[in-house]
Amino acid sequence: MTLTADLTGQRILVTGASSEGFGAHFARVLARCGAYVVVAARRLEALEALVTEITDAGGSASAVRMDVADLASVRDGVKAAGAITTCINNAGVAVTKRALDQTEADYDFVMDTNLKGAWNVATEAAKVMRDSGGGNIINTASITGFQTAAGTGPYAMSKAGVLHMTRQLAMELARFNIRVNAIAPGYFLTDINRDQLAGDAGEPLRKRIAMRRYGELPDLDGPLLLLVSDASRFMTGSILTVDGGHLVGSL
């Protein structure tokens, strides 16, 4: 089933869109629904391929280079993105190691991208929205922000920070007519992890999910379009968990 919404007139910034994961998928869905999409990441050449794909399909899109961990780069990218009405704050990285094997460089890499980077993008986008009368910020969190998982230390900590950042900014930015919400995905099959999760090694993890399957990218379309559209006009500070019941699974 293909979900849709009328996003005509929206100009939406999507960060972390250079790889075949959430960001690129979000960009395609939003463009299909009529939004002008500005995709952002460090790898401009990968973004330009996505822009070509979207425009060839009849959508409208452009690309800006942005390193979310570098505030000057974020400021330049947000300025280049123009009069954005919505920001999909999606850039993220992970280093999967047990806590005692994580290095300082690992920690800084994850935290600088996932938490400081998310803060940089949200606050710079919010300044544009404040000056234009309002807007909408949607952060990509994770179920690891709610619950421990071996080998995810800095990542889980960063996503817990994103959850609280969402609530904090929702409280502070409401006066400017800016809504701030988040989507917290569970385990999703993407090109990066499909072989690992879908194979025998992923079977114990799949069995811990109440619905007994991993998420597929289209499972995020409904929550995304709800938060992007006016259907969620009285929602701010909300976290939509999309995990097949993973967090409510039985001990």
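The side chain of S232 reaches the backbone oxygen of S229 at 3.1 Å, a polar contact in the sense of a pair of N or O atoms within 3.5 Å, where within protein one atom must be able to donate a hydrogen and the other to accept it, and where residues adjacent in sequence count only if both atoms are side-chain atoms. This is a predicted model, in which local features need pLDDT of at least 70 and side-chain atom pairs count only at pLDDT 80 or more, while totals for chains, interfaces and linings use all residues. Residues are numbered from 1 along each chain as its sequence is written, and side-chain values use heavy atoms, with hydrogens and water left out.

S232 sits in the loop between α8 (221-228) and β7 (239-242); helices (H or I, at least four residues) and strands (E, at least two) are DSSP runs numbered from the N terminus. With a relative accessible area of 0%, S232 is buried, a term that means under 20% relative accessible area, against over 50% for exposed and the range in between for partly exposed (1.4 Å probe, protein chains only). Beyond residues up to four places away in sequence, S232 touches R179, L226 and L227, contact being heavy atoms within 4.5 Å.

R179 also belongs to the lining of the second largest pocket, where T85, G135, N136, R179 and D230 lie nearest the centre among 17 lining residues. A pocket here is an open set of points on a 1 Å grid over the protein atoms alone, where a 1.4 Å probe fits, with protein on both sides within 12 Å along at least five of seven lines, and lining residues have an atom within 4 Å of a point. The space in this second largest pocket is about 330 Å³.

Elsewhere, the largest nonpolar core has 32 residues, and L30, V37 and I88 have the most contacts inside it; such a core is a set of buried Ala, Val, Leu, Ile, Met, Phe, Trp, Tyr and Cys residues joined through side-chain atoms within 4.5 Å. Two or more residues each come from β1 (11-15), α1 (22-32), β2 (36-41), α2 (44-56) and α8, with α1 giving the largest share, 7 residues. A second, separate core of 29 residues includes A91, M129, A141 and L173.

Finally, M111 is found in helix α4 (residues 104-132) and is buried, with a relative accessible area of 12%. Leaving aside neighbours within four places in sequence, M111 is in contact with K116, P154, M157 and S158.

Note on methods
Grid points are joined across faces, edges and corners, and a volume is the space filled by probe spheres set on the points.
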